[in-house]
Amino acid sequence: MTDWNARRDHATDTVRRAVARSEHSWADLAAALDRPLLWTIAALLGSHALPADLAAQAGELLALDDETVATLQEQPYRVRGDELRADPTIYRFYELLGVYGPALKEAIHEEFGDGIMSAINCNVEIDRRADPDGDRVRIVIDGKFLKYQW
């Protein structure tokens, strides 16, 4: 897995630099690839494998080298180490689930029964909401309910 991690990290850094120097925003890239915004960002940063045609299209849009385009097509390892928690924005999601996770679980079970919300078959959206006390981040996770089958 180490070789893959090194390739993946290099590809992620390459994509981030390419987006920063390009005239394309993440939203532009999502529109060009005809995919949801957060899926596009996650895929280009290595959390999803891109189909060959989308990887090639992203490569053209961002002037990526062939190795990076090939790496974007590889099936990722989706589990990362604890270093991810060091990022303040990502840590807030851990904190949010630490506080609200048990309540969300209870509410899901009460509403839907014994099962889980899929993190694979889901849509994730983000938008900005104006507020007199400071803009707010709104995140919607629309996941398929998967009933436990015993």
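Student: What are the domains of this chain, and where do they lie?

Tutor: In this predicted model, the chain is divided into domain 1 (3-71), domain 2 (83-113) and domain 3 (115-150).

Student: How do you know that domain 2 and domain 3 are in contact?

Tutor: Contact means heavy atoms within 4.5 Å. The contact takes five residues from domain 2 and four residues from domain 3. The centres of domain 2 and domain 3, taken over C-alpha atoms, are separated by 11 Å.

Student: What makes up the area buried between domain 2 and domain 3?

Tutor: The two domains bury about 370 Å² between them, and 76% of it is on carbon and sulfur atoms. As for salt bridges across the interface of domain 2 and domain 3, the rule finds zero.

Student: Good, let's move to single residues. Why is T68 called buried?

Tutor: Buried means under 20% relative accessible area. T68 has a relative accessible area of 1%, so T68 is buried. You can find T68 in helix α5 (residues 66-72).

Student: Which residues is T68 in contact with, leaving aside its neighbours within four places in sequence?

Tutor: T68 is then in contact with A11, T14 and V15.

Student: Which residues form the nonpolar patch on the surface?

Tutor: M117 is one of them; the others are L37, F93, V124, I126, V137, I139 and I141. Together they have about 660 Å² of accessible area. Strands β1 (115-129) and β2 (136-147) each supply at least two residues of this patch.

Student: What makes E74 and R7 a salt bridge?

Tutor: The cut-off is a side-chain nitrogen of Lys or Arg within 4 Å of a carboxyl oxygen of Asp or Glu. The closest N and O atoms of E74 and R7 are 3.0 Å apart, and E74 forms a salt bridge with R7. E74 lies in the loop between α5 and α6 (88-112) and R7 in helix α1 (residues 2-21), so the pair ties together parts that are 67 residues apart in sequence.

Student: Are E74 and R7 buried, exposed or partly exposed, and how do you know?

Tutor: E74 has a relative accessible area of 23%, so E74 is partly exposed. R7 counts as partly exposed as well, at 30% relative accessibility.

Student: How do you know that D135 forms a salt bridge with R128?

Tutor: The closest N and O atoms of D135 and R128 are 2.7 Å apart, and the cut-off is within 4 Å. R128 has a relative accessible area of 64% and is exposed, because exposed means over 50%. D135, at 44% relative accessibility, counts as partly exposed.

Student: Which residues are linked with D127 in a network of salt bridges?

Tutor: D127 is linked with R129 and R138 in that network. For D127 and R129, the closest N and O atoms are 3.3 Å apart. D127 is partly exposed at 28% relative accessibility, and R129 is partly exposed at 39%.

Terms used
Residues are numbered from 1 along each chain as its sequence is written. This is a predicted model: local features need pLDDT of at least 70, side-chain atom pairs count only at pLDDT 80 or more; totals for chains, interfaces and linings use all residues. Side-chain values use heavy atoms; hydrogens and water are left out. Helices (H or I, at least four residues) and strands (E, at least two) are DSSP runs, numbered from the N terminus. Buried means under 20% relative accessible area, exposed over 50%, partly exposed in between (1.4 Å probe, protein chains only). Patches are made of residues with over 30% relative accessible area and no salt bridge: like charges are joined within 9 Å, nonpolar side chains (Val, Leu, Ile, Met, Phe, Trp, Tyr) within 5 Å. Accessible areas come from the Shrake-Rupley method with a 1.4 Å probe; for residues, only the protein chains shown count as cover. Domain bounds come from an automatic or database domain assignment. Buried area is the accessible area (1.4 Å probe) that two parts lose on being put together, summed over both.
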